[in-house]
Amino acid sequence: MVNEYETVSGEILYHIDFYRIKKKEEVLDFGIEEYFFSGSYCLMEWPELIGEILPGETVKISITVDDKEQRILDFS
């Protein structure tokens, strides 16, 4: 569910996949708050499954593909 990577500058980056989450208590049980408030970037897939516990400063990036096969990024 959580993969940890080190950037070229030595910083930690977390990739978190919530795809298999059935209920928000599952992520609370493994200590998701520690990742959120670690000071490191957390890149998340399927965050809508835990939307109500995401930090307020969360930036949502949606990726869609247009009819010319170009990716469109939407930040909110």
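The largest pocket holds about 730 Å³ of space. The model it belongs to is predicted. Two elements, β3 and β4, each give two or more residues to the lining of this pocket. β3 gives the most, with five residues. In total, 19 residues line the pocket. Nearest its centre lie Cys42, Leu43, Met44, Thr58 and Val59.

Next comes the loop between β3 and β4. Tryptophan 46 lies in this loop. Its phi is positive, about 60°, although tryptophan 46 is not a glycine. Most residues other than glycine have a negative phi. Is tryptophan 46 buried, partly exposed or exposed? Its relative accessible area is 40%. Buried means under 20% and exposed over 50%, so tryptophan 46 counts as partly exposed.

Tryptophan 46 also takes part in an aromatic pair. The structure holds three such pairs. In one of them, tyrosine 19 and tryptophan 46 are tilted, with 5.0 Å from centre to centre and 55° between the planes. Why does this pair tie together separate parts of the chain? Tyrosine 19 lies in the loop between β2 (12-17) and α1 (24-29), while tryptophan 46 sits in the loop between β3 and β4, so the parts joined are 27 residues apart in sequence. Tyrosine 19 is partly exposed, at a relative accessible area of 48%. Elsewhere, Tyr14, Phe30 and Tyr35 form one aromatic cluster.

Return now to the loop between β3 (41-45) and β4 (61-65), where isoleucine 53 is also found. Which residues does isoleucine 53 contact, leaving aside its neighbours within four places in sequence? They are Lys24, Val27, Leu28, Ile32 and Phe36. Take valine 27 as one of these contacts. Valine 27 and isoleucine 53 are 26 residues apart along the chain, and their C-alpha atoms are separated by 9.6 Å. Isoleucine 53 has a relative accessible area of 22%. The cut-off for buried is under 20%, so isoleucine 53 is partly exposed.

The last stop is the loop between β4 and β5 (71-75), which holds glutamate 69. Glutamate 69 is another residue other than glycine with a positive phi, near 65°. Its relative accessibility is 64%, and exposed means over 50%, so glutamate 69 counts as exposed.

Definitions and conventions. Residues are numbered from 1 along each chain as its sequence is written. This is a predicted model: local features need pLDDT of at least 70, side-chain atom pairs count only at pLDDT 80 or more; totals for chains, interfaces and linings use all residues. Side-chain values use heavy atoms; hydrogens and water are left out. Helices (H or I, at least four residues) and strands (E, at least two) are DSSP runs, numbered from the N terminus. Buried means under 20% relative accessible area, exposed over 50%, partly exposed in between (1.4 Å probe, protein chains only). Contact means heavy atoms within 4.5 Å. On a 1 Å grid over the protein atoms alone, a cavity is a set of points where a 1.4 Å probe fits but cannot get out, and a pocket is an open set with protein on both sides within 12 Å along at least five of seven lines; lining residues have an atom within 4 Å of a point. Grid points are joined across faces, edges and corners, and a volume is the space filled by probe spheres set on the points. Rings of Phe, Tyr and Trp (its six-membered ring) pair if their centres lie within 6.5 Å; planes under 30 degrees apart count as stacked, over 60 as edge-to-face and the rest as tilted.
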